[in-house]
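Reader: I am new to reading protein structures. Could you walk me through one, feature by feature?

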Amino acid sequence: MLKLTKQMKADIRKLREDDLIVCDVCGSDKLSEKIWVGSNSYISISGETYYRYEGEVDDGQYWCEDCNDMTHPIHISEYKGDEDAKQKS
Ligand SMILES: [Zn+2]
């Protein structure tokens, strides 16, 4: 059995951070998107309901909780790249 090391935990956290999509305006990761879910494929755990993901909506729409508006999501590396570019210029 593998022993979970501090380094592994840090790597897993980094992977999650590296895989975020964020708001292209403010960089927030508090995004919601319209998707298809299985109407009868869900479980409830501690008051939260988890649906099985079935697929994307064709005209995918995203909502940013921080902007309180519709947004376009970008990958976090793209957002950070933009920020770096702004700071250099
Ligand atoms: Zn935003």
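Reader: Let me begin with strand 4: how many of its nine residues are buried?

Author: A residue is called buried if 20 or more other C-beta atoms lie within 10 Å of its own, exposed if 12 or fewer, and partly exposed in between, with C-beta atoms placed from the backbone. In strand 4 (residues 48-56), the count of buried residues is zero, and the strand is hardly covered. Keep in mind that this is a predicted model, where local features need pLDDT of at least 70, side-chain atom pairs count only at pLDDT 80 or more, and totals for chains, interfaces and linings use all residues. Residues are numbered from 1 along each chain as its sequence is written.

Reader: How do strand 3 and strand 4 run relative to each other, parallel or antiparallel?

Author: In general, strands of a sheet pair through backbone hydrogen bonds, either parallel or antiparallel. Two strands count as paired if DSSP finds at least two bridges between them. Strand 3 (residues 35-45) and strand 4 run antiparallel and are joined by seven bridges. You can trace two of the partners yourself: I45 has E48 of strand 4 as its bridge partner, and W36 stands opposite G55 in strand 4.

Reader: Is strand 3 covered, or does strand 3 lie in the open?

Author: Strand 3 lies largely in the open, because the number buried among its 11 residues is zero.

Reader: What sits at the turn of that hairpin?

Author: The hairpin has two residues between the strands, and S46 takes a positive phi near 50° there. S46 is in the loop between strand 3 and strand 4, and the residue is not a glycine. S46 counts as exposed because it has 4 C-beta neighbours inside 10 Å.

Reader: Where does N68 lie, and what is its phi?

Author: N68 lies in the loop between strand 5 (62-64) and strand 6 (69-71). Its phi is near 55°, a positive value in a residue other than glycine. With 8 other C-beta atoms within 10 Å, N68 is exposed.

Reader: Which strands make up the sheet of three strands?

Author: That open sheet has the order 2-5-6, with antiparallel pairing. Its edge strands are strand 2 (31-33) and strand 6, each pairing on one side only. From one strand to the next, the twist averages 40°; axes are lines fitted to C-alpha atoms, for helices over the stretch in contact, and angles run from 0 to 180 degrees between N-to-C directions. Strand 5 and strand 6 are joined by three bridges, and W63 has M70 of strand 6 as its bridge partner.

Reader: What about helix 1: how far does helix 1 reach from its first C-alpha to its last?

Author: The expected span of a helix is 1.5 Å times one less than its number of residues. Helix 1 (residues 6-18) has 13 residues and reaches 18 Å, close to the 18 Å expected. Helix 1 lies largely in the open, since zero of its 13 residues are buried.

Reader: And where is K80?

Author: K80 is in helix 2 (residues 76-88). With 13 C-beta neighbours inside 10 Å, K80 counts as partly exposed. K80 and R13 are 67 residues apart in sequence and 17 Å apart in space, C-alpha to C-alpha.

Reader: What is the radius of gyration of the whole protein?

Author: The radius of gyration is taken over C-alpha atoms, and the globule rule is 2.2 Å times the number of residues to the power 0.38. The protein has 17 Å, whereas a compact globule of 89 residues would have a value near 12 Å. Along its principal axes, the C-alpha trace spans about 50 × 45 × 25 Å. Buried residues make up 6% of the 89 residues.

Definitions and conventions
Helices (H or I, at least four residues) and strands (E, at least two) are DSSP runs, numbered from the N terminus.
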